[in-house]
Amino acid sequence: MQLTGEITSSRPLLVLAVKEEAQYLDTSLPILLTGMGKVNAATALASVLGSGARPSHVVNLGTAGALRPGWTGTHVIGTVMQHDLAGDILLTLTGETYGAPLAVGDPDGPTLATGDSFIDDEAARARLAAHAPLVDMEGYALATAAHLAGVSLRIVKHVSDDAGEGAARTWRESVAECAHALADWAAHNVPTYA
């Protein structure tokens with residue numbers, strides 16, 4: 001976890017997983033790098049939100065894999081779900097619902113599936129594509145932490161790969177281009193962006 005800048009109630013907090021995604025942000029806004037995965041994302045954001053001043057809102061910028069053909073570009077997410085939590089089994093065992101999908105940002109935006117696995121095989125891609133067009137490793141965790149803290153959140157993802165075979169190589173090759181696109185989106189859509 002790495003926090004740069006000062007959090008104040010009049011400015012948003014930008015949250016990204018890794019420095020590669022944040023490399024072109026030119027801002028005086030605070031930036032939190034959480035590290036990859038749900039545990040890193042949730043604990044980093046919860047720690048920051050629980051330790052002092054709160055931002056006006058949180059904006060998660062990052063990369064995502066496309067689970068369906070034709071998905072490219074930058075997307076403001078509407079709903080986020082976990083793809084690696086056995087919610088149906090837990091409901092049967094306990095009678096409680098865990099990990100229900102969460103609404104975030106744009107009500108007309110696409111669904112983002114979040115899980116700790118980097119999706120890079122066709123079978124996993126096909127299985128997840130039935131539920132969502134995009135996949136990442138942090139969105140649901142950040143949405144949960146923000147929701148519990150009572151802070152609004154927008155999730156913005158730029159497609160880096162097709163979540164199929166070779167996705168890891170494609171991510172490494174495209175992350176700089178994705179970082180440019182995310183910085184451009186922030187410059188045009190985040191209030192008080194420097």
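Helix axes are lines fitted to C-alpha atoms over the stretch in contact, and angles run from 0 to 180 degrees between N-to-C directions. On that basis, helix H2 (residues 38-49) and helix H5 pack at an angle of about 25°, with their axes 8 Å apart. The model is a predicted one, in which local features need pLDDT of at least 70 and side-chain atom pairs count only at pLDDT 80 or more, while totals for chains, interfaces and linings use all residues. Residues are numbered from 1 along each chain as its sequence is written, and side-chain values use heavy atoms, with hydrogens and water left out. Helices (H or I, at least four residues) and strands (E, at least two) are DSSP runs, numbered from the N terminus.

**Packing of H2 and H5**

- H2 and H5 are therefore roughly parallel to each other, a class that takes angles under 35 degrees, whereas those over 145 count as roughly antiparallel, 65 to 115 as roughly perpendicular and the rest as oblique.
- H2 passes H5 in a right-handed crossing; a crossing has this hand if the near helix is turned clockwise from the far one by less than a right angle, and is left-handed if anticlockwise.
- On the H2 side, the contact (heavy atoms within 4.5 Å) is made by Lys38, Ala41, Ala42, Leu45, Ala46 and Leu49.
- On the H5 side, the contact is made by Ala141, Leu142, Ala145, Ala146 and Ala149.

**Burial along H5**

- Helix H5 spans residues 139-149 and is mostly covered, since eight of its eleven residues are buried; buried means under 20% relative accessible area, exposed over 50%, and partly exposed in between (1.4 Å probe, protein chains only).
- The buried residues of H5 are Gly139, Tyr140, Ala141, Leu142, Ala143, Ala145, Ala146 and Ala149.
- His147 is also found in helix H5, but His147 is exposed, with a relative accessible area of 58%.
- The C-alpha atoms of His147 and Val58 are separated by 11 Å, although these residues are 89 residues apart along the chain.
- Gly150 follows H5 and has a positive phi, near 75°.

- Thr34 lies in the loop between strand E3 (31-33) and H2, and Thr34 counts as buried at 3% relative accessibility.
- Leaving out residues up to four places away in sequence, Thr34 touches Met1, Val15, Leu16, Ala17, Asn40, Ala41, Ala44, Glu138 and Leu142.
- Thr114 has its place in strand E8 (residues 111-114), and Thr114 counts as buried at 0% relative accessibility.
- With residues up to four places away in sequence again not counted, the residues touched by Thr114 include Lys38, Val80, Met81, Gln82, His83, Asp84, Asp136, Met137, Glu138, Gly139 and Tyr140.

**Geometry and cover of H6**

- Helix H6 (residues 167-189) has 23 residues, but its end C-alpha atoms are only 28 Å apart, short of the 33 Å that a straight helix would reach at 1.5 Å a residue; the expected span is 1.5 Å times one less than the number of residues.
- A kink of about 50° in H6 is centred on Ser174, the bend at a residue being the angle between axes fitted to the seven residues ending there and the seven starting there.
- Ala167, Trp171, Ser174, Val175, Cys178, Ala179, Leu182, Ala183, Trp185 and Ala186 are buried in H6.
- The cover over the buried residues of H6 includes helix H1 (19-22), strand E4 (58-66), strand E5 (74-76) and strand E10 (153-161).
- Ala183 of H6 is buried, with a relative accessible area of 9%.
- The C-alpha atoms of Ala183 and Leu61 are separated by 8.7 Å, with the two residues 122 residues apart along the chain.

**The loop between E10 and H6**

- Most residues other than glycine have a negative phi.
- Ala163, in the loop between E10 and H6, has a positive phi near 55° and is a residue other than glycine.
- Glu165 touches Asp120, Asp121 and Glu122, not counting residues up to four places away in sequence.
- The C-alpha atoms of Glu165 and Ile119 are separated by 8.6 Å, and these residues are 46 residues apart along the chain.
- Ala123, in helix H4 (residues 122-129), is exposed, with a relative accessible area of 59%.
- Ala123 and Glu165 are 9.7 Å apart in space, C-alpha to C-alpha, and 42 residues apart in sequence.
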